[in-house]
Amino acid sequence: MVLKVSPAFRGSASVGNFAPAMFAGVRYSLVLVSCLFLRGCAQNFGQTRFICTSVPVDMDMCTSSMQSGGSAEDLKTTVLQLRETVLQQKETIMNQKETIRELTTKLGRCESQSLLETVPSEGKTGGSNRKQSSSSKNTMGDLSRTPAAETLSQLGQTLQSLKTRLETLEQFSRMNSSSQTNSLKDILQSNIDDLEKQVLFRINSLEEGKYNPKNESEERGKIESTLTSLHQRISDLEKGQKDNRPTDKFQLTFPLRTNYMYAKVKKSLPEMYAFTICMWIKSNASPGVGTPFSYAVPGQANELVLIEWGNNPMEILINDKVAKLPFVINDGKWHHICITWTTRDGVWEAYQDGTQRGNGENLAPYHPIKPQGVLVLGQEQDTLGGGFDATQAFVGELAHFNIWDRKLTPGEIYNLATCSTKALSGSVIAWSETNIDIYGGATKWTFEACRQIN
């Protein structure tokens, strides 16, 4: 603080001279002008000075302050400080506006996500690039990458599929009354009702914000186990009305892209130095139809895989070596496809609807297909018999999956594609209901090639 005294007082030598000078008729009074700033202003202006000066009684204090050179300099300093403060406050306001805008955007996103979660909704290359990082990878028994609400929707669709099959059984039981069939039907209907209640409960928990994902894996496992058991019992009932149907007149349906819906071939493959794999396939999934089949052996999960993942073309993998196939099948129509291969020079050929579409060589040459593996339909294996990834799952329908341990001729493949009476069954794997187990809600339906095509 600087104390400034007017000249009248500065000339006085002592207190004795002070009093007479004051009462001698010079009508000056000492006015103490104190500029007291609020605490907030003082903080903004920096260091504050308090100035004392004498002002005549009849003179305006503001005019007197401006007449003082020192006061004018102080006023200039104050103006500069005020200007700096205004600029700082303006910058602060702009920053606050930006923060408000950013928070508003985030709030909008949260609201949008909340709305999306209440509405049901519904890729792979060879070598090291085929694998995704372990931190984001789904495995068998883990949750799907899809949001919880979408997963519940998928379970609901699976239940609906089972209910449709149950209704078919009801119609059959009306025409063929059987107390045993009716009793089983009632038990199955009760199980379906219980599953629906579980799904509805979990949906309500989501909507109320009470959902706790801690025990999600355990609950999901219970529901999947119940679905598999339920499907098996319905299949057993359906066999009662299909005893006269040939065991190869069926198709597998994989309606959803999950990491738990698949079929498993009971037999393993022998050691093979050549093969032909043929099947009927139908899908309109995008992007990519997924993995129609995968064969894994100890130490090599990609021993033999057919996959169309993401926006990549369909590929055949043998011992992790890749060849791109010229198939175009994701148009929602039935197509017959065959792949032949021989270990000598790794020569391969690809056929679609009885016509050769492409060929190549150097695909895993001189590497025989190893035995004692696991053959899965509908999922890609990253471990022996498991490690499924929902993004690579097959979505669609599949039938007449046959494997031979030799290279079929173009004529034999054409007979298969045209349903000729001369068509052969697989010498290694033949398409039959007795050779396949299904899991997780995949379904079997009657299918006769060439009669049901498109």
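How many salt bridges does the structure hold? Hello everyone, let me walk you to that. The count is six, and please keep in mind that what you see is a predicted model.

First, the overall picture. The chain has 454 residues, and 39% of them are buried. Its fold includes nine helices and 14 strands. The chain exposes about 24,800 Å², with 54% of that supplied by carbon and sulfur atoms.

Side chains of opposite charge can pair when their charged atoms come close. Let me show you some of the pairs.

One of them joins the side chains of Glu 397 and Lys 282, at 4.0 Å from N to O. This pair ties together distant parts of the chain, with Glu 397 in strand β12, residues 396-404, and Lys 282 in strand β3, residues 274-282. They sit 115 residues apart. Lys 282 is partly exposed, at a relative accessible area of 24%.

Next, look at Glu 315, whose side chain meets that of Lys 324 at 3.0 Å, N to O. Is Glu 315 buried or exposed? It counts as buried, because its relative accessibility is 1% and the cut-off for buried is under 20%.

Finally, Glu 349 and Lys 407 form a salt bridge at 3.2 Å, N to O. Here too the pair links distant parts of the chain, 58 residues apart: Glu 349 lies in strand β9, residues 347-352, while Lys 407 lies in the loop between β12 and α9. Glu 349 is buried at 14% relative accessibility, whereas Lys 407 is partly exposed at 37%.

Note on methods: Residues numbered from 1 in each chain as written. Predicted model: local features only at pLDDT ≥ 70, side-chain atom pairs only at ≥ 80, totals over all residues. Heavy atoms only, no water. Helix = DSSP H or I, 4+ residues; strand = E, 2+ residues; numbered from the N terminus. Buried < 20%, exposed > 50% of the residue type's maximum accessible area, 1.4 Å probe, protein only. Areas by Shrake-Rupley, 256 points an atom, 1.4 Å probe, with all protein chains shown as cover.
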